[in-house]
Amino acid sequence: MFNLNLINITEVLLLIIPVLMTVAFITIAERKTMASMQRRLGPNIVGYYGLLQAFADALKLLIKEYVYPTQANIILFFIGPLITLLFSLYGYAMIPYGPGISIYDFNFGLLYMLIVSSLATYGILLAGWSANSKYAFLGSLRSTAQLISYELILSSALLLIVLLTGTLNLSVIVEMQKAIWFILPLFPLFYIFFIASIAETNRAPFDLAEAESELVSGFMTEHAAGIFVFFFLGEYASIILICILITLILLGGYDIISIFSFLEEIFYVFIYSFFWVINVIITNLNTYMLHMFTLSETTVNNNTFNLLFNINNIKEAYQINEYINNIVINTEYNLRGILYLFDNTNIIIDIIKIISENQILLSLIYALGLSIKTIILIFSFIWVRASFPRIRYDQLMSFCWTKLLPLIIGIIIIIPCIIYFKESILFNLWLL
């Protein structure tokens, strides 16, 4: 029993510590990226290129004297940030980092993540109410209304994924995307889900709950020192979690090996398209030159050639045509040689076979695939923050209820209709 508990604690620590370290380095990446976009230097003193700046900031917050309002509800004042951080970290237990690699492969993992993200709202609400400050209270009310509103968009988008896959298991959803990533047929859904994710994590330009021009610092106005770190870690842990969730349900998750086959198909399409363009060019050039020679002979016989054409130009054009034909033919031969090499050596299949035989290498490839996709999404979050101005709170809520919600409901209705219509046509054709 003791060994089992020790193993469970070790698994949790092996998951939580890298997540917290990732949060630290994402804060540095955000500051460096925004500094580059705004033509500033960013953190560059503490550590090599400022890599230890996050640890210096954490040390500063931890050694600061803690000050709290005398009229605050102290218990709830401390519990609020703790709830926010804990429920931001609970969702990582369901994440499949590879086939069978997760803390708990739960059949209702998608539903669990929705519940956990909803419960994190209580931490913000308690922290803002217990501070006995009007700015913190208004910030918590704004944040709660915003999170509840945009959770409806997220859950509606996830409902369509559940309808298509027939499961709530994240590992099964990832495995079902080996044929095609859901982002390709469901790109409008990805676009809506990405916008709702930014609002769900209180990120700019939807960070109205922390608007310093209106509410000082929103629901965390009265929090300082070490307890403020919980809010800080919880916010960035939520960003990483929502980016991983987008990767799992729309970008194929940890699957990166199937992209080799996809690139191979693109390669073949490119080669055959190039062959078609070459044939069109050669045919048009030969037709044009034949027409020119025929016309020149006709005009010479009519003694009017000097008025229309110059025989030297015709010869030069013929030489240029031959030169172009030689280049095109040589290029075609080279590409056909490459195509023959791919067809006969099966390079892609050999690479996949070598990777599949080595479990350690395969696990590293899966982790690398999930990391790259998540990093791209996190960079998109930073890019949006640096590019768009903050909108008004009424515009934010109106955008959710009058724009995004009707749009996502329409997508939920039309996608199953298209699938059912296609299946019915195929069934009728099969009957014929």
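Phe232 and Tyr236 are four residues apart in helix α9 and are therefore separated by about one helical turn; helices here (H or I, at least four residues) are DSSP runs numbered from the N terminus. The structure is a predicted model, in which local features need pLDDT of at least 70 and side-chain atom pairs count only at pLDDT 80 or more, while totals for chains, interfaces and linings use all residues. Residues are numbered from 1 along each chain as its sequence is written, and side-chain values use heavy atoms, with hydrogens and water left out.

Phe232 is partly exposed, at a relative accessible area of 31%, whereas Tyr236 is buried, at 7%. Buried denotes under 20% relative accessible area, exposed over 50% and partly exposed the range in between, with a 1.4 Å probe and protein chains only.

In total, the structure holds 13 aromatic pairs. Rings of Phe, Tyr and Trp (its six-membered ring) pair if their centres lie within 6.5 Å; planes under 30 degrees apart count as stacked, over 60 as edge-to-face and the rest as tilted. Phe87 and Tyr90 form an edge-to-face pair, with 5.3 Å from centre to centre and 85° between the planes. Both residues belong to helix α3, where Phe87 and Tyr90 are three residues apart, about one turn of the helix. Phe87 is partly exposed, with a relative accessible area of 21%, and Tyr90 is also partly exposed, at 39%. In the pair of Phe232 and Tyr236, the ring centres are 5.1 Å apart and the planes lie at 50°, so this pair is tilted. Phe187, Phe190, Phe194 and Phe381 are linked by ring pairs into a cluster. Tyr393 takes part in an interaction with a charge: the charged end of Arg142 sits over the Tyr393 ring, 5.0 Å from its centre. The criterion is NZ of Lys or CZ of Arg within 6 Å of the ring centre and within 35 degrees of the ring normal.

A search of the whole structure finds two cavities of 30 Å³ or more. A cavity is a set of points, on a 1 Å grid over the protein atoms alone, where a 1.4 Å probe fits but cannot get out; lining residues have an atom within 4 Å of a point. Grid points are joined across faces, edges and corners, and a volume is the space filled by probe spheres set on the points.

The largest cavity has a volume of about 430 Å³. Its lining consists of 28 residues, and Ser117, Ala120, Glu200, Thr201 and Ser238 lie nearest the centre. At least two lining residues come from each of α3 (74-90), α4 (109-130), α5 (134-165), α7 (187-200) and α9 (225-250). Helix α4 supplies the largest share, eight residues. By class, the lining comprises 17 nonpolar, eight polar and three charged residues. Ala, Val, Leu, Ile, Met, Phe, Trp, Tyr, Cys and Pro count as nonpolar, Asp, Glu, Lys and Arg as charged, and the others, Gly among them, as polar.

The second largest cavity holds about 30 Å³ of space. Tyr236 contributes to its lining, together with Ile26, Arg203, Ile239, Ile378, Phe381 and Ile382. Helices α9 and α14 (359-387) each supply at least two of the lining residues, and the largest share, three residues, comes from α14. Six of the residues in this lining are nonpolar, none is polar and one is charged.

Ser149 is found in helix α5 and is buried, with a relative accessible area of 4%. Neighbours within four places in sequence aside, Ser149 is in contact (heavy atoms within 4.5 Å) with Met397, Cys400 and Trp401.

Note on methods:
1 Å grid on protein atoms, 1.4 Å probe; cavity = no way out; pocket = protein on both sides within 12 Å on 5 of 7 lines; lining within 4 Å.
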